[in-house]
Every structure is written in C-alpha cells, then in structure tokens.
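This report is meant for a reader who is meeting the structure for the first time. Please look over the sequence and the model before reading on.

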Amino acid sequence: MSGSVKSYAAVDLGASSGRVMVGRVGPDSLELTEAHRFANRPVRLPEGLRWDILSLYGGVLDGLRAAGQVDSVGIDSWAVDYGLLDADGRLLGNPVHYRDSRTEGVAEKVWATVPAPELYAATGLQYAPFNTLYQLVADQLAGVERLLLVPDLLTYWLTGEQGTELTNASTTQLIDPRTRGWSYDIASRLGIDLELFAPLRQPGDPAGLLRPEVLEETGLRGPVPVTAVGSHDTASAVAAVPASGERFAYICTGTWSLAGLELDAPVLTEESRAANFTNELGLDGTVRYLRNIMGLWLLQECVRAWGDPDLGELLLEAAKVPALRSVVDAGDARFLAPGRMPERIAEACLASGQPVPSSPAEITRCILDSLALAHRKAVEEAQRLADHPVDVVHVVGGGTRNALLCQLTADACGLPVVAGPTEAAALGNVLVQARAHGLVSDLAGGRELLTRTQPLTRYEPQGDPARWREAQARLAGS
C-alpha cells in the first residue's frame with residue numbers, strides 16, 4: 001500500500017444543495033475540506049417540477065476549479081431520477097424531479113401487470129411512487145436512445161463516457177438484488193427496454209478521464225481520472241459508517257432518513273414487503289436493508305414557511321417543549337409534496353385526536369419526536385425481519401448536527417447512538433476513490449480509518465422506554 005497522501009474530489013449532490021469536497025487520504029490520515037457549495041433549486045415549469053441540471057453541472061465545474069489539482073473525481077447524488085439522451089448524446093429536456101406528480105396512479109397500472117408481491121420478490125424494493133420503474137412507465141420515451149441516472153449523466157458530461165453505476169441502479173426497481181444484475185423478466189413484462197441503460201459499473205471502476213474542454217474550464221492538468229463510487233449518496237454514506245463488526249444499525253440523516261442494516265443477502269419475504277423495507281445494493285456484495293423515512297424534510301419545509309428563523313434557537317426552544325405530546329407518522333405520503341408543512345402537521349395531529357402544536361417550537365418538537373419514533377420502529381423491525389440483532393445505532397449525515405434529534409433517537413431506540421461523520425456521503429465517496437488507488441485496503445479498513453480520524457459523539461439512552469412504546473402504540477391506533 002502506498003505511503004503517499006493523495007487528494008480526491010468528491011462531488012456530493014443532495015436534494016437541496018450540492019458540494020464539492022476534497023479528501024486528502026494517507027495511510028493514517030483522512031482530512032475533508034469544502035471547496036465549493038451551491039444551491040440545488042428545482043424549477044416548477046408549466047409541464048411540472050424539474051431539476052436545474054445545467055446549474056448543477058455549472059456548480060460541479062466551479063467546484064472542481066476551486067478544488068485545485070486532484071488525483072481523481074467521484075460523483076454521488078440522490079437516487080431514482082435520470083436524464084434522457086438522443087442518438088447524438090444530447091439531453092432531451094431537464095430531468096423530472098421525483099416529487100413531480102406525473103407518477104400518481106401509475107403504480108396501480110404496474111401492479112395490474114406485475115402484482116406488488118411479485119415485484120418485491122423479484123426486485124426487493126419498497127414501494128415509493130417515484131421509483132424509476134414508475135417514472136419510466138409514465139414517461140414519453142419516443143426518440144430516446146439512452147437513459148443516464150443523475151450522477152452518471154454528470155460523469156458523462158465530464159468524461160464523454162457512459163455507464164450505469166450499480167448502487168444507484170439498484171434504486172430503479174429493475175435490478176435483481178440476488179444476482180446484482182438487471183431483472184430482464186420484470187422489464188420485459190412492463191415494456192421497459194433495458195438497452196436504454198448504459199453498461200453497469202461497480203464502485204471503484206474507472207469511469208473515464210476529464211475531457212480536454214473540462215480541463216480547460218477548471219484549470220486542472222490532465223490526465224484526471226473519474227472513478228465510479230457508490231453513486232447513490234446513501235451507498236456512499238453507509239460506506240462511511242464508522243462501525244466495527246456486523247451488529248450495528250445506521251440512520252443516514254438529511255432531507256430523508258434512511259434507517260436500516262447492512263446485510264450480506266436481501267430479505268425478500270412478504271412480511272418485509274408489507275413493512276415497506278427496501279433492499280438496495282452497497283459496496284462489496286452488501287445489501288442496504290432499510291426504510292425510507294421523510295426525514296428533516298419536514299423541518300426544512302416548516303423553517304422555510306416560517307421565514308428561515310435561527311435554527312439553533314428554534315431547537316433550544318423545542319427542547320423545552322414536553323416530550324411526545326403529539327406525534328405524526330414521519331413516513332406518511334401526505335408529507336411528500338412541498339408547501340403548507342406546519343398546517344399539514346397540525347391537521348394530522350388534529351385528525352388523530354392529539355393536542356395540536358401551534359408555535360414553531362411545538363411543531364419542531366413534534367417533528368423531532370416523530371422522527372425518533374420512526375427511527376425506533378425501523379431499527380426494531382429491521383432486526384426482527386432480517387434476524388440480525390444490533391448493539392449500537394450509527395447516525396451519519398446532516399442530522400448529526402442536531403444533538404436533540406440524536407439524543408431522542410438514542411432514547412427511542414434504547415440503544416447507544418454514535419453520531420458522525422456529518423459529511424458521510426462525501427467521505428464514503430472519497431474512500432472508494434482512495435481504495436481504487438491503493439490507499440485503503442477494503443470496506444473495514446476504510447471504516448477503521450474513519451473511526452481514528454473523524455470526530456464522533458456518543459449518546460446514551462435516557463428516560464423511560466415505556467413512554468416511547470406508548471407513543472408508538474398511540475400512533476399505530478390513530
């Protein structure tokens with residue numbers, strides 16, 4: 001293994017912002033710095049909600065310029081969405097946002113051809129109305145030659161080479177998690193042409209070199225390779241969970257909360273489907289067995305509606321509000337669309353016969369209690385359904401900055417919570433690049449390096465566990 005220190009640019013695109021981070025990795029060092037951060041603002045056009053993909057690409061180029069000379073570049077982003085290209089490789093319109101309404105009612109049409117239990121048994125993916133499969137059934141694909149998932153589209157613009165990275169492909173509901181290849185049977189029955197997808201790539205595979213035009217625009221000296229990473233940001237974030245052994249659960253927090261386990265085989269039972277757990281693919285043959293929870297989106301939307309008050313002060317006030325006074329189902333599809341979030345949370349509490357939170361502090365406490373309760377339920381059910389007990393919960397991502405949410409999650413789960421790293425997706429992205437270049441031995445080696453080099457905070461469970469059981473029962477009966 002080389003003793004030198006190398007630099008890697010991690011392009012990490014979230015649903016509300018993008019960033020280019022630079023990771024400097026040596027045998028005993030791992031440092032992450034931010035080169036550039038930029039907004040990700042979807043645009044509502046007459047035809048629906050769209051991603052401003054050209055603005056994002058501009059942010060990536062600005063970030064690479066700010067990063068300076070690096071040994072490799074990797075890109076991760078949110079899942080399921082894609083760009084469509086014509087025969088000349090030109091983009092056919094802005095990619096559709098997963099919160100767009102065009103997939104309403106599509107799932108029922110799909111299930112008429114492939115019943116939901118059969119679809120789950122074949123692909124292992126939880127139901128979400130925006131899964132790529134439902135988007136494709138809803139889409140107009142005339143004149144389309146190629147489909148590239150968002151990080152693969154940006155990689156194509158950087159390198160001129162096309163591929164489909166596996167961890168992100170596994171969110172399309174067109175991959176068989178047992179074979180880790182395409183589910184040709186499901187695709188053919190639904191009339192989806194898998195030739196639209198570029199060949200599959202594995203994390204760590206080379207994805208091309210920066211084009212001369214990109215080098216000129218960013219001021220970088222070539223050749224600069226682009227490396228396929230876990231291009232679904234959750235895959236990269238889970239790769240950066242600083243765990244040892246197998247007895248851990250993780251919660252990747254941000255706009256979404258992804259709560260679950262790392263397994264060596266998928267769980268494809270009907271009971272797992274009914275509990276809405278998903279089987280997505282991770283590094284080194286692993287399966288990310290998890291549930292999607294609405295996450296800090298609920299709070300982000302409320303803060304936006306309140307005119308962006310100081311979040312630190314809001315959380316201090318929320319900590320003073322009585323615990324578990326009112327809770328909502330943080331996985332409820334009623335909270336998926338943007339707008340009127342404080343009112344919708346209040347309406348949900350009223351409909352379930354609970355006290356109605358009114359002040360920003362009360363609504364914030366309701367959200368955080370509800371998220372902790374959803375974390376508890378997901379961690380408990382994942383252990384039972386996978387027959388995989390855990391001793392600790394690792395919380396990574398943006399939610400690690402929220403000490404109240406971390407403590408509430410420890411209280412709700414009745415397990416220690418280790419919080420950190422905050423920039424987990426970027427760190428996982430960097431570690432895969434470093435491994436591809438011989439600086440990190442394997443997944444366990446990367447995690448051990450993270451544990452030694454990154455700040456982590458431990459939260460021990462407090463309070464009466466019976467109160468959380470009562471709140472869960474109250475929510476189940478509402």
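The structure is a predicted model, in which local features need pLDDT of at least 70, side-chain atom pairs count only at pLDDT 80 or more, and totals for chains, interfaces and linings use all residues. Residues are numbered from 1 along each chain as its sequence is written, and side-chain values use heavy atoms, with hydrogens and water left out.

**A pair of helices**

Two packed helices are described by the angle between their axes and the distance between the axes. Helices (H or I, at least four residues) and strands (E, at least two) are DSSP runs, numbered from the N terminus, and axes are lines fitted to C-alpha atoms, for helices over the stretch in contact, with angles that run from 0 to 180 degrees between N-to-C directions. The axis of helix 11 (residues 297-305) comes within 8 Å of that of helix 13 (residues 341-351), and the two cross at roughly 120°. This makes helix 11 oblique to helix 13, a word used for what remains when angles under 35 degrees are called roughly parallel, over 145 roughly antiparallel and 65 to 115 roughly perpendicular. On the side of helix 11, Trp297, Leu298, Glu301, Cys302 and Ala305 take part in the contact, and they meet Met341, Pro342 and Ile345 in helix 13, where contact means heavy atoms within 4.5 Å. Sorted by class, the contact has seven nonpolar, no polar and one charged residues; Ala, Val, Leu, Ile, Met, Phe, Trp, Tyr, Cys and Pro count as nonpolar, Asp, Glu, Lys and Arg as charged, and the others, Gly among them, as polar.

**Salt bridges**

A salt bridge is a side-chain nitrogen of Lys or Arg within 4 Å of a carboxyl oxygen of Asp or Glu, and by this rule the count comes to 30. The table lists some of them.

| Salt bridge | N to O distance |
|---|---|
| Arg19 and Asp12 | 2.8 Å |
| Arg178 and Asp176 | 3.0 Å |
| Arg452 and Glu448 | 2.7 Å |

Buried means under 20% relative accessible area, exposed over 50%, and partly exposed in between (1.4 Å probe, protein chains only). Both Arg19 and Asp12 are buried, and Asp176 is buried at 12%. Arg452, by contrast, is partly exposed at 43%, and Glu448 is partly exposed at 40%. Because Arg452 and Glu448 are four residues apart in helix 17 (residues 443-453), about one helical turn separates them.

Ser326 is placed in the loop between helix 12 (311-319) and helix 13, and with a relative accessible area of 5% Ser326 is buried. A polar atom of its side chain lies 2.4 Å from the backbone oxygen of Pro355. Not counting residues up to four places away in sequence, Ser326 touches several residues, including Cys349, Gln354, Cys366 and Arg474.

Thr253, which lies in strand 15 (residues 248-253), is likewise buried, at 9%. Apart from neighbours within four places in sequence, Thr253 is in contact with Val395, Val396, Gly397, Gly398, Gly399 and Thr400.

Glu195, in the loop between helix 7 (184-189) and strand 12 (200-201), is exposed at 63% relative accessibility. Glu195 and Glu145 are 50 residues apart in sequence, while their C-alpha atoms are 8.5 Å apart in space. With residues up to four places away left out, Glu195 touches Glu145 and Arg146.

Terms used:
Polar contact = N/O pair within 3.5 Å; in protein donor to acceptor, adjacent residues only side chain to side chain.
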